Amino acid sequence: MSGEGRARAACVCAGVAAGLLIVTPGSVAALAPDPTCDFPARPAANYRPTGDESPSRQTSGGAGTTVCEHTTGAQGMEPMLAVNRHGTLFMGIATDKGLYEQPGRLNGTSDNALLRSRDDGRTWQRIPLPGVIDASEGFPYIDPATDRLFVTSFSFDQTRCGQPVVHSDDEGATWSAAAAPPGCSPPTRGDWPKIFSGPFKGRPPGRSPTAVYECNFIPNDLVAASIGCWRSDDGGDHFEFTGLLPTINGLCRAGDVQGGTGATIVHGSGRVLSNGDVVVPLTVCGKPAVVLSTDEGRTWQGVATGGRSLGLEDVIALKEGFVLAITDHVWSENLAVDDHDNLYFAYVRDGVHLMVSRDGGRSWRHLGIVTPPGIVHAIVASVTSRGRGEVALTYYATPDRGDAVGAYGMNWRAWMTYSPNALAADPEFRSAPTSPESAPTMSASMPGCCTTDETFLEYTGVKFVSPTEIRGAFTRWTGKHLPELVLTKLSLPRPPATCRPIMLDIPRALRRVRVTANGRRLRVRGRRNHRYVIVDRRRYGSRRTVVVRVSGIDRWGHVRRRIHRYHGC
């Protein structure tokens, strides 16, 4: 998947609220220069998917939405993005050495770093990572309940078993390593570790309010016959094997789901629903699917989405070149869940498709291609969501078909896409590249679309950071030894000047509820079957974001926390 095997091959707003204001995009005059943009911000165009395999259609709307990018100045590979509840950004992995240049990766003494920004990406600090973290498959992740920062990666360490997992509760000032990491029993050097977390099915067995999962290939360091998952019940210190996913690679099956032929099965990052159910996305030899677990990873059920991504049939039919097809099925952050357990599944085929599920992944609606119709190829799509139906995506895309083997002749740019409500009957999506056509992220002269002999591209990242801003993570090839890590920005229009108070509903099942707005406690009103708080945004000023935090105990004894962000006025 990552740097190891395929690099060699390729080198050939939020909340359930009554009385919410309707945000209507306003017209925009000439865009003012933005010091956090390396190129002038680009206006997004509005598109609507057709619900099938045909291209999206451009429509009016989306005025005021812009996209741009800004380099971090640091070299790195396989960009990922995480943001905590304080708005601190983390991007990785930063390194000045290629995949085959670090002898320390053989004994757990690698020299890699995580980038940290506390000023929304204007400046970055280089945070050293423990030597067990490899540059290949470096994966930062924030647990939404505890705000704990995790990092995992591939391991080439010959002195230890399994995959390294480290965590920090002070934004990277100090690190703790898992005493019993995943991948030791059964043993694996799998190079596709995916870490995620969420609530337990019942009462937490210990002090940690969340179960931490990591899934990976078993047993080898390339695409393997099996995929297994491990779970930690103590916040990431000790992992135990929960079981194998019901995947049979050679037969292209995932439980009862029959995939395509002759390709492979790859998993993305799983998601945990509010009831503790676990959902893991798969490409089953060119067919998008998910596996569901209602018992914290012990048993799994396969579910077909009905979609079709790229597979071996497309290579044989010369629809897709072999080198590019290696990257087409690379999935990581391609599954998202919003605040109401709606799921969003992104995959690529002639652009980026999006599926939605309102019943925990048991059935799916195909929205269609949500990217502009001029895109011929797209790779490594990521998706995130918040509120109810609000989604954002990042991906690389090109209008160029390229050569027959998918190795040359394509100018790639980083793209961002946003929808205010992907659950609508006829949803709209706003899209734009982060740079002008004259400044592609990866030029047509690059072999394999996104690879050199020292790095391989397999990730993008995307996160909501405020009511009007979304951040993405990419790499840009500049002619240096390694590409530079780049932060992108999608800016939404500010809301109208009117400033009515907001009524935010409290979930019925919560008890011992506490609600604060920018640290100030709010009064919970209403009766047991309908409780709410009033957020008066005028108290906080037009230049401030109002951060509302809701916490309480659910019927199973879990601590539930949700964060809602609104414009001050």
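This briefing covers salt bridges, the surroundings of one serine, an open sheet and the nonpolar cores of the structure above. The model is predicted, and the whole structure contains 22 salt bridges. Its largest nonpolar core has 36 residues, and a second, separate core has 21 residues.

**Salt bridges**

- Glu69 and Arg476 meet through their side chains in a salt bridge, with a distance of 2.8 Å from N to O, and the pair links distant parts of the chain, since Glu69 belongs to strand S5 (residues 66–83) and Arg476 to strand S34 (residues 469–476), 407 residues apart.
- The side chains of Arg560 and Asp554 form a salt bridge of 2.7 Å from N to O, and both Arg560 and Asp554 are buried.
- Beyond these pairs, a network of salt bridges links Arg48, Arg57, Asp426, Glu428 and Arg430.

**The surroundings of Ser117**

- Ser117 is placed in strand S7 (residues 113–117), and with a relative accessibility of 0% this residue counts as buried.
- The side chain of Ser117 makes a polar contact of 2.9 Å with the side chain of Asp119, and the side chain of Ser117 also reaches the backbone oxygen of Thr123 at 2.8 Å.
- When neighbours within four places in sequence are left aside, the residues in contact with Ser117 are Gly87, Thr88, Leu89, Arg122, Thr123, Trp124 and Gln125.

**An open sheet of four strands**

- An open sheet is built from 4 strands in the order S38-S37-S41-S42, and their pairing is antiparallel.
- Strand S38 (520–521) and strand S42 (559–567) form the edges of this sheet, each of them pairing on one side only.
- Strand S37 (residues 511–517) pairs with strand S41 (residues 545–553) in the antiparallel sense over 5 bridges, and Ser551 is the bridge partner of Arg514 in S41.

**Nonpolar cores**

- In soluble globular proteins, nonpolar side chains tend to be buried together.
- Within the largest nonpolar core, which has 36 residues, those with the most contacts inside the core are Ile195, Phe196, Leu245, Val278, Val280, Leu282 and Trp300.
- At least two residues of this core are supplied by each of several strands, among them strand S9 (139–142), strand S13 (194–199), strand S15 (226–232) and strand S23 (288–293), and the largest share, 6 residues, comes from S14.
- Val280, with neighbours within four places in sequence left aside, is in contact with Phe196, Leu245, His267, Gly268, Gly270, Ala289, Val290, Val291 and Trp300.
- The second core is separate, and its 21 residues include Val352, Ile375, Tyr395 and Phe429.

Methods: Residues numbered from 1 in each chain as written. Predicted model: local features only at pLDDT ≥ 70, side-chain atom pairs only at ≥ 80, totals over all residues. Heavy atoms only, no water. Salt bridge = Lys/Arg side-chain N within 4 Å of Asp/Glu carboxyl O. Buried < 20%, exposed > 50% of the residue type's maximum accessible area, 1.4 Å probe, protein only. Polar contact = N/O pair within 3.5 Å; in protein donor to acceptor, adjacent residues only side chain to side chain. Contact = heavy atoms within 4.5 Å. Pairing = 2+ DSSP bridges. Core = buried A, V, L, I, M, F, W, Y, C linked by side-chain atoms within 4.5 Å.
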